[in-house]
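Here's a quick tour of a few strands, sheets and single residues. Have the viewer open and follow along.

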Amino acid sequence: MKCPNCQTENREGAKYCDECGFALSVSLDEENTQTLPNLSENKELTQTLPKISGNEELTQTLPKIPENEDLTQKLPSITVDADKESDLSGIEHMAEEEYLPSSFSWDAGNTMKMPAIEEGEASQSRNFLASDTIDEPKQKRSKRPLIVILALLLVAALGVGGTYYFELWGGKSIPDVLGETQADATDILTSHGFTVKVMQVKSDDIEGIVLLTDPSVGARQEEGGEVIIHVSQARVIPEVLGLSREEAEKLFAAEGLESVQFVETKSDKTENSILSVTPEVGEKVKSYTDIKVEVAVPYTVPDVSGMSLDDAKSAIKKAGFKSEVAYTYTEEKTEGTIVKTDPKAESKLKSGSTVTIYVAKSRAKEVISYTQTYFNSQDIFFVDGTRYLVDADTLDVAYEGDSTVSWSMSAQSISFDWGSLQIVYGDTQTLSGSLTWNDDGSSITSSSPSVKKG
């Protein structure tokens, strides 16, 4: 490919002329635009050419360009023929009027002939961009000292590890005595130079074997150091009889017993004390064994208020007591129901004690009954000294309180004619009055008007 600027033949596909550096890759069908970057004021552009021979460098200094000014070079679409000389007429440089083309400092012209390279052929392509400084290859250092150091360190590490492994320092490893009997484990540990301390541990495992060590198996311990062995011990029913429930619970927990059931049982012994335990005290058990514990609770008087007398007697007997009955007058409760007990409900008593049941009794009903019985006992009564034939079927009685009733009924006065020896009957009338009775109803303590049997 021929350079349109200096007419020098270049290799096919080259982008720049090997002689003058002119751009060769110009498209035939499009307009190329090259934009130069903004440059600061009073700065120079320097292009360092690659070394050709020896240590000589070629440097091209570009003209100063105003600050922040973009330069654009527009080239028209042209045809480059490598076999024909190109006609460069008509090429327009779209740039500022002040712009001067680049020139090399050693030549006023646009072309120069490069000196011949002493050895070998010159490269077909030249890079006219500023190149980075090529560092000289560093001299390789020998790795032998490092290898020696690493080898020494490895030998030292092996020596330290080996002596530690063979227990020449750092104490001795605790042997595995798990599952051994207490006696065997003690012999093994003492033969290794350790002292032994035994700690009994409640367990469901076989009794008397080593469960664990402290420090653990395999750990290092100085010779003569103490090793604690945890030896399994059977769980047993603790001595809890007579203790309080709270004390018993702590002892069961200390044994690791998990299935303990407390059952309340009435007793004359100290309240909340342990009466019995099943299985028996001292028996060996597992942590999951079912255990039944009886706890004393006192006998208490049941609440029988509102019951019938028969039901109340049954409840008191079931609670462990005897009973007796007493009546109390009240108009607030139905006659025959229980008013209260003595001692009162929920009282704590020794078993076999007597509880008095107070039964409701109506004084009104009782006094009315006394009155009805009295007037039905005969037909003739003296009321305020007058003899009357009473009609008991018309008797009406009402309770007034304090064992007093009011009464009324029809009656006919009668008299005796001694001359004719006949009974004379008077007119029928209604009599009324009041009566007060004693506690058992055996007599009238007062009446108004006075009433007597005739």
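## Ground rules

Axes here are lines fitted to C-alpha atoms, for helices over the stretch in contact, and angles run from 0 to 180 degrees between N-to-C directions. Contact means heavy atoms within 4.5 Å, while helices (H or I, at least four residues) and strands (E, at least two) are DSSP runs numbered from the N terminus.

This is a predicted model, where local features need pLDDT of at least 70 and side-chain atom pairs count only at pLDDT 80 or more, though totals for chains, interfaces and linings use all residues. Residues are numbered from 1 along each chain as its sequence is written, and side-chain values use heavy atoms, with hydrogens and water left out.

Start with helix H2, residues 182–191: it lies across S6, S7 and S9, and runs at about 170° to S9. Those three strands make up an open sheet with mixed pairing, in the order S6-S9-S7; two strands count as paired if DSSP finds at least two bridges between them. Strand S6 (195–202) and strand S7 (210–214) each have a single partner strand, so one side of each has no neighbour in the sheet. On average, neighbouring strands here are turned by 25° against each other, ignoring direction.

S6 and strand S9 (residues 226–233) run parallel and are joined by eight bridges.

## The S16-S19-S17 sheet

Another open sheet of three strands has the order S16-S19-S17, again with mixed pairing. Its edges are strand S16 (322–329) and strand S17 (338–342), each pairing on one side only. Neighbouring strands are turned by 25° against each other on average, direction ignored.

S17 and S19 are antiparallel, with four bridges between them. Within this sheet, Asp342 sits opposite Thr356 of S19.

## Either end of S19

Gly352 belongs to the loop between strand S18 (348–349) and S19. Buried, partly exposed or exposed? Gly352 is partly exposed at 37% relative accessible area, given that buried means under 20%, exposed over 50% and partly exposed in between (1.4 Å probe, protein chains only). Leaving out residues up to four places away in sequence, Gly352 touches Gly320, Phe321 and Lys322.

Ser362 is in the loop between strand S19 (354–361) and helix H5 (363–375). Ser362 counts as buried because its relative accessibility is 11%. Its side chain makes a polar contact with the side chain of Glu331 at 3.1 Å. (A polar contact is a pair of N or O atoms within 3.5 Å; within protein, one must be able to donate a hydrogen and the other to accept it, and residues adjacent in sequence count only if both atoms are side-chain atoms.) Residues up to four places away aside, Ser362 touches Tyr329, Thr330, Glu331 and Glu335.

## S20 and its two partners

Strand S20 (residues 380–383) has Phe381 and Val383 on a covered face, and Ile380 and Phe382 on an uncovered one. In a regular strand, side chains alternate between the two faces of the sheet.

S20 pairs antiparallel with strand S21 (residues 386–390) over four bridges, and also antiparallel with strand S26 (residues 451–453) over three bridges. Phe381 stands opposite Tyr388 in S21 and opposite Lys453 in S26. S20 and S21 form a hairpin with two residues between them, and Asp384 in the turn has a positive phi of about 55°.
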